[in-house]
Amino acid sequence: MLKYVIKRVLMGVVALFLVATITFFLMNLVPGGPFEFEKAVNPAARAALEAKYGLDKPLLEQFKNYLSHALSGDFGPSIKQRGREVNDIILTKFAVSARLCGITVIVALVIGIPLGCIAAVRRGKWLDNLIRVFATLGIAIPGFVLCTVCLYFFCISLNLTWLLPLGLATPASYILPVFSLAFYPTSYIARMMRSTMLDTLGQDYVRTAKSKGVANSSVLFKHALRNAILPIVTYLGPMMAFMMTGNFVVEQVYVIPGLGKEFISSIMNRDYTMIMGTTIFLAAILITLNVLVDIAYKIIDPRITLN
């Protein structure tokens with residue numbers, strides 16, 4: 001396993017380099033710049049600012065200088081948020097996004113796995129049909145639509161203003177963002193769990209356990225669930241990455257001061273160092289999560305070999 005982990009880490013480093021390279025040059029290909037729309041900045045002041053942040057140098061030299069600092073963990077100062085370092089902004093905002101993401105993942109797993117198991121056990125019954133309708137809706141409805149509907153229904157029609165996520169200061173302020181973020185993965189997990197559980201319940205070892213008189217609850221949780229849950233473990237990596245990168249719209253709609261909202265603002269403001277820092281940071285999280293999921297997959301099922 002150690003050889004596999006080292007191999008994946010090296011592949012992750014290469015992937016990070018490609019992400020940084022593509023992002024840097026695509027970012028600079030877009031017309032305009034960080035000081036393009038600052039009316040109070042005259043040409044001389046703009047030239048001084050570009051020299052201060054190294055934007056007056058050739059593009060390849062800018063990229064070389066940025067990589068040399070990024071390799072030491074320094075993403076540089078924010079161009080738009082004067083006096084603040086990108087590292088400090090990312091760490092501060094990431095704490096908010098990570099807390100929201102963690103709660104959402106727990107909610108999606110706690111609700112999605114039991115729903116999938118119930119649908120599989122009650123196959124063809126009204127409860128199975130109801131869960132399948134719920135799962136289909138959850139996958140089909142875009143996140144921004146769900147956010148808008150929730151805000152209109154709960155906060156305008158019902159006037160439940162205590163649900164508004166004003167900085168996530170209270171436990172109640174987490175309800176709408178978590179619901180909006182968890183709806184899709186919960187539905188996806190429920191559908192996946194139902195499919196894998198149905199396949200597992202039809203295996204020979206499950207039928208053998210039933211023929212020996214093993215209780216249905218023991219067959220379901222001890223024998224079937226352990227094997228049926230493996231695809232869910234595989235999905236954990238992409239799901240958590242989706243939470244961290246897919247919550248941009250949710251944070252923007254609910255005005256949550258997280259990393260997603262900061263990333264969108266940096267793109268709108270052409271904050272080059274902030275764009276690069278958040279992109280590399282989120283890519284590193286995605287790669288790390290995928291490696292951890294592969295290791296967890298091996299721990300759950302020792303029969304699996306990692307090459």
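Val-149 sits in helix 6; helices here are DSSP runs of H or I with at least four residues, numbered from the N terminus. Is Val-149 buried, exposed or partly exposed? Val-149 counts as partly exposed because its relative accessibility is 47%, with buried meaning under 20% relative accessible area, exposed over 50%, and partly exposed in between (1.4 Å probe, protein chains only).

Val-149 also belongs to a nonpolar surface patch, together with Val-133, Leu-137, Ile-141, Phe-144, Val-145, Tyr-152, Phe-153, Ile-156, Leu-158 and Val-249. To get into a patch, a residue needs over 30% relative accessible area and no salt bridge; nonpolar side chains (Val, Leu, Ile, Met, Phe, Trp, Tyr) are joined within 5 Å, and like charges within 9 Å. Helix 6 (143–157) and helix 5 each put in at least two residues, and helix 6 has the largest share, with six.

## What the model is

This is a predicted model, where local features need pLDDT of at least 70 and side-chain atom pairs count only at pLDDT 80 or more, while totals for chains, interfaces and linings use all residues. Residues are numbered from 1 along each chain as its sequence is written, and side-chain values use heavy atoms, with hydrogens and water left out.

## The Asp-128 network

Asp-128, Arg-132 and Arg-194 are tied together in a network of salt bridges (a side-chain nitrogen of Lys or Arg within 4 Å of a carboxyl oxygen of Asp or Glu). Asp-128 pairs with Arg-132 at 3.8 Å, N to O; both are in helix 5 (residues 126–140), four residues apart, or about one turn of the helix.

The other link runs from Arg-194 to Asp-128, at 2.8 Å, N to O. That pair connects distant parts of the chain, with Arg-194 in helix 7 (residues 175–201) and Asp-128 in helix 5, 66 residues apart. Arg-132, at 38%, is partly exposed.

## Lys-93 to Glu-262

The salt bridge count comes to three. One of them joins Lys-93 and Glu-262, whose closest N and O atoms are 3.9 Å apart. Here again distant parts of the chain are linked: Lys-93 is in helix 4 (residues 86–121) and Glu-262 in helix 12 (residues 259–268), 169 residues apart. Both Lys-93 and Glu-262 are buried.

Conventions
Areas by Shrake-Rupley, 256 points an atom, 1.4 Å probe, with all protein chains shown as cover.
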